[in-house]
Amino acid sequence: MIAELGLAALWLAAALAVLQLVFGTIFTFKSAEKAEFSQIVRPAAAMQGVLCALSFLILTWLFARTDLSVKLVAMNSHSMKPMIFKIAGTWGNHEGSMLLWVTVMAMAGALIALIERRLPERTMMATLAAQAFVGLGFYAFLLFSSNPFERLDPPALEGMGLNPLLQDIGLAFHPPTLYFGYVGLSVAFSFAVGALLTRQVTPDFARAMRPWVLGAWIFLTVGITAGSYWAYYELGWGGWWFWDPVENASLMPWLAATALLHSVSVLAARDALRAWTIMLGVVAFSMSMVGTFLVRSGILTSVHAFAVDPERGSFLLALLAIYIGGALLVFAVRAGSVTEGERFSLVSREGALVVNNVMLSAILGVVLLGTLYPLLTEAFDVRVSVGPPYFNPVSAIFALPMLLVMAVGPLLRWRHDNAKRIRPELILIAVLGLVTLAGVVAFAGIAVLPTLGIALAVVVIVASVMPLRGRKLRLLPLATWGMVIAHLGIGVSLLGMASETAFTQEKLAAVKVGDTTQVGPWTIKLDRIDPVAGPNWTALEGVLEASYRGGKPVIIDPQSRNFWSPPQETNESALITRWNGQLYAVLGREAGEGRWQLRLWWKPLVTLIWIGGMMVALGGALALIGRVYTDLRRRRVMRKAVERRSEASA
Amino acid sequence: MIRKLSAIVLALVLLAHLAPLAQPAMAQDDLPPAPYAYRQLDDPAQEAKAQALMETLRCLKCQSQSIADSDASMAGDMRSEVRQRIAAGESPEAIRRWLMDRYGDYVSYKPEVSETTWPLFAGPLILLLIAAAVLWRRLGGKRG
């Protein structure tokens with residue numbers, strides 16, 4: 001009965017979306033005659049949010065209770081799972097995750113329907129109609145091909161989902177983080193379509209759209225950073241980015257969102273880059289659809305497996321084609337009538353932002369090509385490998401100049417500036433970069449890309465705090481702090497990446513108990529091997545005494561685990577974090593004659609990669625808080641002014 | 001030392017010819033790992049060379065991992081093969097060729113222009129041109 005209630009709520013929400021689409025569209029094109037139609041759209045959007053939330057709560061309840069008469073629960077859960085993983089299991093599967101997507105989207109739609117009052121009513125209705133249109137595709141997908149509430153008759157005796165490898169707290173919260181990002185971009189897309197339909201591409205529109213872009217971008221940043229760290233400690237070989245299609249599926253929307261974020265800020269501040277912002281809004285959402293398609297269609301495991309059971313994939317592909325095709329069509333028809341807005345010269349803040357938006361788009365193009373091309377050739381039975389040796393240098397062609405411009409851009413003034421004005425800063429940056437470059441070339445002798453990476457990182461780190469010079473720090477707007485910290489984070493992260501790539505030291509050794517081995521500045525003694533047991537695994541634990549440059553030894557204990565249901569062997573790495581890097585230790589198999597395989601790495605400054613990533617997200621959060629706060633204050637001032645005026649006239 | 005190593009390599013090559021690496025996938029996990037799967041070469045220069053090569057070879061049993069960072073037993077065998085051939089003085093590119101002859105171009109991550117991969121190189125070039133054209137139009141044209 002409860003499951004049916006969830007399904008009914010979902011159908012009702014879909015019906016409301018139809019209502020929202022129809023009435024919103026009619027109002028958009030015939031607002032003069034059908035003014036009363038707008039009365040129905042906002043409540044419909046709000047109610048949809050409530051119904052979807054109810055539906056999702058019901059599914060969560062079914063998982064928490066382990067209701068085995070529901071097929072999804074029986075397939076993916078188990079009565080013996082810890083409660084937290086039962087609940088996280090709600091979205092740990094295909095159907096549940098799509099329901100989460102729809103729910104977040106409906107709630108976002110409800111939120112803009114309830115609070116966004118700045119835009120002209122027609123633009124707002126067009127936006128909500130677009131939102132309903134996008135939503136309907138996903139409702140159809142859920143209801144027709146991925147019903148999460150399907151019953152199982154007779155009920156299962158026990159669930160099938162006790163896979164211990166999936167009981168990982170990081171894994172439970174990683175996908176929703178990315179989904180929040182994807183959904184945020186769908187809202188930005190709806191705004192873009194709405195503004196395009198009514199030709200109201202204004203700074204107000206940019207201010208309404210910006211929090212959603214910022215929010216989406218923060219979630220994507222956190223998701224990518226956390227995913228990278230998870231791969232790093234979990235896979236046991238110390239790699240932190242593989243250019244895997246799943247990773248690229250989250251990187252591509254991030255790149256597009258980054259470009260959109262900067263473009264929308266130019267539009268809000270300067271009323272320039274109108275068509276550009278709309279285009280990037282369409283691209284950003286397209287990339288999140290491509291990402292969803294790649295991850296959810298099963299095409300990555302094998303193109304051929306996808307061809308055998310293409311229902312879900314085809315559905316997503318069709319949605320992708322309809323949304324992107326439709327949006328591009330509207331864009332093509334309307335873009336001519338959207339003027340570019342205010343002009344600016346090459347040497348200006350806008351000029352730098354345009355250069356970098358083009359660079360970001362080019363990197364996005366490279367990643368898209370490298371991700372999709374092997375899938376395309378595989379369909380014709382030609383297998384091509386595209387990996388780091390392709391992605392790293394090719395994206396660097398665009399990334400290196402972009403980072404240079406990023407360092408200088410924030411020092412420039414809006415509209416028109418003269419390079420002479422910031423000559424001391426430019427000289428300082430150039431000298432610093434060249435000295436670092438020369439130093440690295442002379443003393444380190446490492447590969448080209450990391451060398452350039454280190455020099456650029458130093459440049460970016462120093463340049464990113466320069467906008468603070470000569471300003472009263474207490475009076476600086478929060479959004480400016482956000483920019484400084486986010487740019488600084490990029491530099492910090494880059495330094496970590498370059499340093500890890502260039503200076504990592506590896507040691508694979510077969511060590512007898514009681515013997516020592518060396519990796520970089522570390523001396524490591526294999527103290528003993530202990531057998532240990534967990535709830536569903538047994539393990540051998542290597543107790544290692546690690547000492548940095550002969551200092552006080554620290555104990556670490558990497559494990560080699562054997563799970564029995566399902567049988568699987570995993571390595572639990574052990575880390576020692578210092579300010580200047582991480583020691584990474586993995587225990588391998590027995591190597592005969594009482595010796596054990598140890599895999600050891602000393603990775604200088606590696607943690608900066610993720611610290612930088614979190615700084616970028618923090619910068620985004622500060623900017624978001626700052627912008628929302630300013631908006632609220634402006635709104636209050638406006639309301640007061642209106643009240644005063646009506647009092648005066650009365 | 002060298003003679004002993006080359007004897008091992010010769011034996012391995014013979015063995016490999018008798019039983020291609022790709023075939024005995026079953027029960028491989030129970031065999032002890034190949035000698036250099038988890039062991040570095042003694043000469044750091046040779047090890048660095050081997051490592052650089054391994055990072056550009058695909059683990060055929062994994063998703064998007066190189067043989068340099070995989071626990072799959074086949075990746076271990078390939079690592080051992082690479083290290084032993086490097087130690088025997090073969091050039092990295094010769095080893096890559098040998099592996100590509102065996103497993104197809106798919107095994108190599110190193111980008112090479114061929115009739116199936118040219119779009120991967122044409123794409124970025126076109127992007128470069130488009131980027132330059134867009135910037136020229138937006139920023140270069142109206143400096144007045």
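A:Arg199 is partly exposed, because 14 other C-beta atoms lie within 10 Å; a residue counts as buried with 20 or more other C-beta atoms within 10 Å of its own, as exposed with 12 or fewer, and as partly exposed in between, the C-beta atoms being placed from the backbone. The phi angle of A:Arg199 is near 55°, a positive value in a residue other than glycine. A:Arg199 belongs to the loop between H7 and helix H8 (203-234) of chain A; helices (H or I, at least four residues) and strands (E, at least two) are DSSP runs, numbered from the N terminus.

This is a predicted model, in which local features need pLDDT of at least 70 and side-chain atom pairs count only at pLDDT 80 or more, while totals for chains, interfaces and linings use all residues. Residues are numbered from 1 along each chain as its sequence is written, and chains are lettered from A and ligands numbered from 1 in the order in which they are written.

**Chain A as a whole**

- Chain A contains 18 helices and ten strands.
- The C-alpha trace of chain A spans about 95 × 80 × 55 Å along its principal axes.
- A compact globule of 650 residues would have a radius of gyration near 26 Å, and the 27 Å of chain A agrees with this; the radius is taken over C-alpha atoms, and the globule rule is 2.2 Å times the number of residues to the power 0.38.
- Of the 650 residues in chain A, 49% are buried.
- Two residues are in contact if their C-beta atoms, placed from the backbone, lie within 7 Å. Among contacts in chain A between residues at least 6 apart in sequence, 75% join residues at least 24 apart.

**Domains of chain A**

- The domain assignment divides chain A into domain 1 (1-156), domain 2 (169-344), domain 3 (418-501 + 608-650) and domain 4 (505-604); such bounds come from an automatic or database domain assignment.
- The centres of domain 3 and domain 4 of chain A, taken over C-alpha atoms, are separated by 39 Å.

**Helix H2 and local backbone features of chain A**

- The 28 residues of helix H2 (residues 38-65) of chain A should span 40 Å at 1.5 Å a residue, and the end C-alpha atoms are 41 Å apart, which agrees. The expected span is 1.5 Å times one less than the number of residues in the helix.
- H2(A) is followed by A:Thr66, whose phi is positive, near 50°.
- A:Asp153 and A:Pro154 are joined by a cis peptide bond, with omega about -5°. A:Pro154 is placed in the loop between helix H6 (121-145) and helix H7 (169-198) of chain A.

**Around helix H9 of chain A**

- A:Val266 sits in helix H9 (residues 245-270) of chain A. A:Val266 is buried, because 25 other C-beta atoms lie within 10 Å.
- Leaving aside neighbours within four places in sequence, A:Val266 is in contact with A:Ala272, A:Leu273, A:Glu350 and A:Leu353.
- A:Val266 and A:Thr277 are eleven residues apart along the chain, and their C-alpha atoms are separated by 8.9 Å.
- A:Asp271 lies in the loop between H9 and helix H10 (274-296) of chain A. Its phi is near 55°, a positive value in a residue other than glycine.
- A:Asp271 is partly exposed, because 15 other C-beta atoms lie within 10 Å.

**Chain B**

- Chain B has five helices and zero strands, and its elements run α-α-α-α-α from the N terminus on.
- Of the 144 residues in chain B, 28% are buried.
- Among contacts in chain B between residues at least 6 apart in sequence, 59% join residues at least 24 apart.
- The twelve residues of helix H4 (residues 92-103) of chain B should span 16 Å at 1.5 Å a residue, and the end C-alpha atoms are 16 Å apart, which agrees. Just after H4(B), B:Gly104 takes a positive phi of about 90°.

**UniProt annotations of chain B**

- An unreviewed UniProt entry lists "domain: CcmH/CycL/Ccl2/NrfF N-terminal" for residues 37-139 of chain B. UniProt positions are given in the numbering used here, feature names are shortened, and annotations may be inferred rather than shown by experiment.
- Residues 37-139 of chain B are 58% helix and 0% strand, with end C-alpha atoms 55 Å apart.
- The UniProt annotation "transmembrane region" (unreviewed entry) covers residues 118-136 of chain B. That span is 100% helix and 0% strand, and its end C-alpha atoms lie 27 Å apart.

**Contact between the chains**

- The contact takes 37 residues from chain A and 30 residues from chain B.
- On the side of chain A that touches chain B, the elements giving two or more residues are helix H13 (349-379), helix H14 (388-408) and strand S1 (505-512) of chain A. H13(A) gives the most to this side, with twelve residues.
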